[in-house]
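Let's take a friendly walk through a protein model, one piece at a time. Keep the picture open while you read.

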Amino acid sequence: MSKLVISSIGPASSVQDGGRPGAQRYGLVPSGAMDRLALAAANTLVGNQLFAASVEIGPFGAVFTAREGAVRVALSGAPRNADISGRAVASDASATLAEGETLTLGFARGGSFSYLAIEGGIEGELMFGSLAVNARAGLGSPYPRPLQSGDELRAAAASGAAERRIVIPDVADAPIRILFGPQDDEFADATKKLLLDSAWKISATSDRMGYRLEGPALKHLHGHNIVSDGTVNGSIQVPGNGQPIVLMPDRGTSGGYPKIATVISADFGRFAQIQAGRAFRFKSVSMAEAQAEANKFWELLRSLPDRLRGAEHFDLNIEALSDANVAGHAVSAVDAGTWQIASPVTS
Amino acid sequence: MAAPLTPPRLLPSGDSAITVEFSRNIDDAANQRVLALDRAHAAEPIAGVTETVPTYRSLLVHYDSVQIGFEALGEKLMALAQRPVPTATKTRRWRIPVAYGGEHGIDLEDVAKALNTTPDDIVARHVAGDYRVAMIGFTPGWSYLSGLEKSLHMPRQQNPRLLTPAGTISIGGVQTGVQCLAGPSGWHLLGRTAVRTYQLHRDPIFLLEPGDAISFASVDAKIFAEQDRAAEAGELIAELMAS
């Protein structure tokens with residue numbers, strides 16, 4: 001048995017997995033990873049189940065050292081500078097720390113959360129089938145709180161398997177799609193239009209409970225107090241000051257502010273990754289489109305094992321070159337001009 | 001023959017949940033229909049539904065849209081919701097001991113002043129109530145009760161407190177409640193109970209179910225301290241009464 005010892009880690013970092021659904025009727029929110037696709041990609045890289053527990057690392061850096069043996073890990077989600085004792089580590093790829101080696105992760109660039117999966121998973125005591133940290137409810141294992149320096153994560157010894165990388169479609173800058181409801185009738189049509197037509201920013205005071213949005217104030221038709229009802233990940237609730245709050249995986253299971261709309265499930269992880277201060281927009285879609293996108297998202301998750309590639313020749317982008325050749329284009333690896341042809345025909 | 005029931009509204013809560021709304025207000029009849037739909041669904045689960053969350057006025061139904069779409073699920077829920085509400089079958093009734101006033105209920109005196117009466121009278125009225133768990137929500141075990149006597153209805157605090165103790169028994173608006181974990185609250189704090197409505201490593205982890213009946217009993221601070229130690233060791237403290 002090996003372990004990863006944390007010698008430093010930024011705030012908003014915790015062990016997360018697929019969460020613990022099923023007890024919202026008792027006020028217990030599922031919690032779980034902010035970005036499930038990134039969690040699943042990291043786990044796939046080291047042969048774990050899609051939603052196995054891994055380390056969700058917030059916008060700041062972290063430093064881990066392997067002790068009592070080698071540890072094989074994979075990093076996905078927000079890209080950041082990473083190295084193992086001086087060797088660069090790519091995002092969306094696996095890597096192995098030999099005993100005593102240190103993995104150093106920099107600040108997130110172009111996202112908020114990264115997932116560090118550990119081959120064989122993290123050792124801990126399941127509560128309601130999950131290791132996910134929910135600090136308010138005293139749940140989570142091996143620590144029922146965000147991670148701190150000095151913490152240790154016990155893990156299986158590295159298998160010595162060949163390192164892999166994974167190819168995930170990138171849609172980072174597309175608008176965040178929403179479905180109006182359940183309380184959109186508490187708002188005038190002009191207010192709903194304002195939600196869609198405005199540029200929004202995520203406030204720096206956001207956390208795993210909710211993302212506060214900065215933008216124009218959204219006015220209610222009948223005041224901001226409604227009788228509490230149930231919430232979901234992505235509920236866009238509008239409190240008295242008119243500044244929306246998007247509810248995140250550590251939300252309260254019920255809430256008493258009108259919810260104008262809901263982020264569609266396929267876009268939730270991408271929304272969670274938007275950095276504080278960065279402008280984004282919402283786009284309204286139909287139920288049929290939202291549910292079709294949810295199906296596509298699950299297909300994408302299921303396809304992750306087929307998206308693994310060998311880690312060799314990573315920098316040459318052999319995939320793009322060979323796809324282009326299959327499509328009949330003559331591509332020269334030394335002629336940058338022909339690479340341009342490659343991108344439209346790779347899908 | 002009974003008049004047909006008003007159909008609920010089916011409101012989309014994203015692509016993976018439907019809010020089945022019976023009323024916009026706090027309304028006992030609507031809450032009965034919420035709990036009846038929840039029971040009807042538990043007896044005959046709809047394939048694809050992953051979890052149901054009863055609240056005062058609506059049932060939030062989480063589902064897997066790969067297994068069932070919004071329209072198909074909506075039709076099935078509507079059919080279940082139109083069934084007559086069965087007269088309550090077996091209701092569990094719990095007696096929950098409360099240390100009222102003093103350090104455990106710091107708002108009791110102010111509530112009495114605001115209602116032109118004595119703290120003892122407020123306690124007597126609160127203990128006399130016959131309550132029902134209308135919903136559990138916000139944080140684990142936070143149980144919202146219906147049945148608060150009209151004379152105890154009070155607007156919530158202007159400035160919510162950021163931290164109120166675990167086990168707080170409070171009133172706010174037309175509701176009273178049992179709060180399990182320490183946390184923020186804008187309600188008026190009348191007392192504390194040693195009963196943990198949520199406790200890990202205890203069977204059951206969650207004590208109360210939506211629909212359970214609740215009575216309160218007044219105990220002094222010394223008994224509270226003893227009960228608190230026993231509860232910490234895993235005892236239920238709440239007494240299950242004959243139903």
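This is a predicted model: local features need pLDDT of at least 70, side-chain atom pairs count only at pLDDT 80 or more; totals for chains, interfaces and linings use all residues.

**Strand 1 of chain A and its partners**

Begin with strand 1 of chain A, which covers residues 2-9. Strand 1 pairs with strand 11 of chain A, and strand 1 also pairs with strand 4 of chain A. The table sets out the two pairings.

| Strand pair in chain A | Partner residues | Sense | Bridges | One bridge pair |
|---|---|---|---|---|
| Strand 1 and strand 11 | residues 152-155 | antiparallel | four bridges | A:Ser2 with A:Ala155 |
| Strand 1 and strand 4 | residues 62-67 | antiparallel | six bridges | A:Ile9 with A:Ala62 |

**A closer look at A:Ser2**

Now find A:Ser2, which sits in strand 1 of chain A. Is A:Ser2 buried or exposed? A residue is called buried if 20 or more other C-beta atoms lie within 10 Å of its own. A:Ser2 has 21 C-beta neighbours inside 10 Å, so A:Ser2 counts as buried.

Which residues does A:Ser2 touch, leaving out those up to four places away in sequence? Its contacts include A:Ala66, A:Arg67, A:Glu68, A:Gly69, A:Ala70 and A:Val71. A:Ser2 also touches A:Ala155, A:Ala157 and A:Ala158. You can check a distance too: A:Ser2 and A:Thr65 are 63 residues apart in sequence, and their C-alpha atoms are 10 Å apart in space.

**Helix 3 of chain A**

Next, move along to helix 3 of chain A, residues 265-272. How many of its eight residues are buried? The count is eight of eight, and the helix is described as mostly covered. Among these buried residues are A:Asp267, A:Phe268, A:Arg270 and A:Phe271.

What do the buried residues of helix 3 of chain A pack against? Two helices of chain A take part, helix 1 (36-45) and helix 4 (287-302). Strand 13 (176-180), strand 18 (245-247) and strand 20 (259-263) of chain A are packing partners as well.

**The two domains of chain B**

Finally, turn to chain B, which is divided into domain 1 (9-81) and domain 2 (93-241). The C-alpha centres of domain 1 and domain 2 of chain B lie 29 Å apart. Their contact takes seven residues from domain 1 of chain B and eight residues from domain 2 of chain B. On the domain 1 side, helix 1 (residues 28-43) of chain B supplies the largest share, three residues. The residues on that side of domain 1 of chain B divide into four nonpolar, two polar and one charged.

Methods:
Residues are numbered from 1 along each chain as its sequence is written. Chains are lettered from A and ligands numbered from 1 in the order in which they are written. Domain bounds come from an automatic or database domain assignment. Ala, Val, Leu, Ile, Met, Phe, Trp, Tyr, Cys and Pro count as nonpolar, Asp, Glu, Lys and Arg as charged, and the others, Gly among them, as polar. Two strands pair if DSSP finds at least two bridges between them. A residue is buried if 20 or more other C-beta atoms lie within 10 Å of its own, exposed if 12 or fewer, and partly exposed in between; C-beta atoms are placed from the backbone.
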